[in-house]
Amino acid sequence: MAMSLPFVDRSSSSLPLQFVGQSTWQGWLKEQSVARRGWIESLGIAGAPGDLVVLPGGDGKAAGAVLVLSAKPTLWDFGALATKLPPGTWKFAGRFAADMAPVSPTDAAVAIGLGAWRFERYRSKKGKAGPRLVWPEGVDKARVTAMVEAISLARDLITTPSSDMGPAELAAAVQQVGKKNKAKVKVIAGDALLKQNFPMVHAVGRASARAPRLIDLVWGHARDPKVTLVGKGVCFDTGGLDLKPSTGMLMMKKDMGGAATMLAVASMVMAAKLRVRLRLLIPAVENSVSGNAFRPMDVVPTRKGITVEIGNTDAEGRLILCDALYEGASEKPAMMIDCATLTGAARVALGTDLPALFCNDDALAGDLLEQGEAVTDPMWRLPLFAGYRRLLDSKVADINNVSAGGFGGAITAALYLKEFVPDDVPWAHFDMMAWNNTSRPGRPEGGEAQAARAIFATIEKKFG
């Protein structure tokens, strides 16, 4: 599933690609020849952000192109170039100018690379080759390559049907990334989860013919600050005995989007060789229905030792995460972050494009929000409102996995997870969609590693 970046080192026959800011469009247009202005006007191009004009030469072939940028450009202004430009080899004309600030050549190349992503694994006829671009002057090729490859891998994993992306396949993907970066990967599978005290991961995954797993990657020097990443790896979610309707089950191949996102972050951290001791924990399961499936109102132990009454088997993500979070927190990392496609409530509150951030540490939350804005990878902080903890009270166990009503569902889910993270461990939880419902520049429809670049930027700023 490896992708080829749409860049070349050099070309003797490249066509010039210019960039014009929205505010300078009219001035640029007046400087063009009468024939060129007439051509642009005939196309109905008015200089709106995202407009791309292919300029004809005297021989009737393309002689160049112009992209109109937003008044305040972001990297996504460049994201559609991989699909909008005609086939051929193109080169950024001149240097990055004021119209392009604050976007760097590296940012632009990342967006172009991500815009070139296509999922064609199951197509007998592949799409035609797209345009190629000469690497822009001043670009950090290694950084672009690492970032695009990591996020493209996450997109591939999320978009792959569950028939080919179960717990074993997800573990294999982590092992492949680990091998590439000389990391240690340990996988605990099946009944061994009970022997090694991951009872929740086992309980949720035991009904599937595909055994559950706890995937544990470790990289870096033990003396460096510990950074722990945890990702929800539900490879398919039927809802269990609290069975989802068909419409609710339709997109559940993406329920391991948190795991894929955290794998992308881990891959970027290792490629950048940040001075951290990185640990990635992924509980990987399929929430299925069979005679040994866990049931509503069962009471299940956790790695922490407290018991959980199962109020709903479709709230399984928080169950597998609680064992992984407790294990991750046991080492007292300097930072622990989890990502999960956890609740519909977060989507109702913030929509599909904006992940919800919950955090027990204001400094960490501030860093994540700042970096999310800086790299155009947005999020929105919601409160860990302690007053709602009572909604998780159980009459027969230490805690219930759901609240009695549907109000504040994203908050109560985060509060459940908080029970397994000590207050002295800086921890952030992302509740995300992990999917692009429609195609936008640099973000084609399909799986998406939301917040991955923001999380990586936060780790890099603090420990790089």
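Mentor: Buried means under 20% relative accessible area. The model here is predicted.

Trainee: What share of the 464 residues of the chain counts as buried?

Mentor: By that cut-off, 54% of them do. The accessible surface of the chain is about 19500 Å², and carbon and sulfur atoms account for 53% of that area.

Trainee: How many helices and strands does the chain have?

Mentor: There are 15 helices and 20 strands. The radius of gyration is 24 Å, close to the 23 Å from the globule rule for 464 residues, so the chain is as compact as a globular protein of that length. The C-alpha trace spans about 80 × 45 × 40 Å along its principal axes.

Trainee: In what order do the strands of the open sheet lie?

Mentor: The order of the six strands is E1-E6-E5-E2-E4-E3, with mixed pairing. Strands E1 (7–8) and E3 (52–56) are at the edges; each has a single partner strand, so one side of each is left without a neighbour in the sheet.

Trainee: In which sense do E1 and E6 pair?

Mentor: E1 pairs with E6 (residues 132–134) in the parallel sense, over two bridges. Phenylalanine 7 has leucine 133 in E6 as its bridge partner.

Trainee: How far apart are the centres of the positive and negative side chains?

Mentor: The two centres lie 5 Å apart, for 54 positive and 46 negative side chains.

Terms used. Residues are numbered from 1 along each chain as its sequence is written. This is a predicted model: local features need pLDDT of at least 70, side-chain atom pairs count only at pLDDT 80 or more; totals for chains, interfaces and linings use all residues. Side-chain values use heavy atoms; hydrogens and water are left out. Two strands pair if DSSP finds at least two bridges between them. Helices (H or I, at least four residues) and strands (E, at least two) are DSSP runs, numbered from the N terminus. The radius of gyration is taken over C-alpha atoms; the globule rule is 2.2 Å times the number of residues to the power 0.38. Buried means under 20% relative accessible area, exposed over 50%, partly exposed in between (1.4 Å probe, protein chains only). Accessible areas come from the Shrake-Rupley method with a 1.4 Å probe; for residues, only the protein chains shown count as cover. Lys and Arg count as positive and Asp and Glu as negative; His and the chain ends are not counted. The place of a charge is taken as NZ of Lys, CZ of Arg, CG of Asp or CD of Glu.
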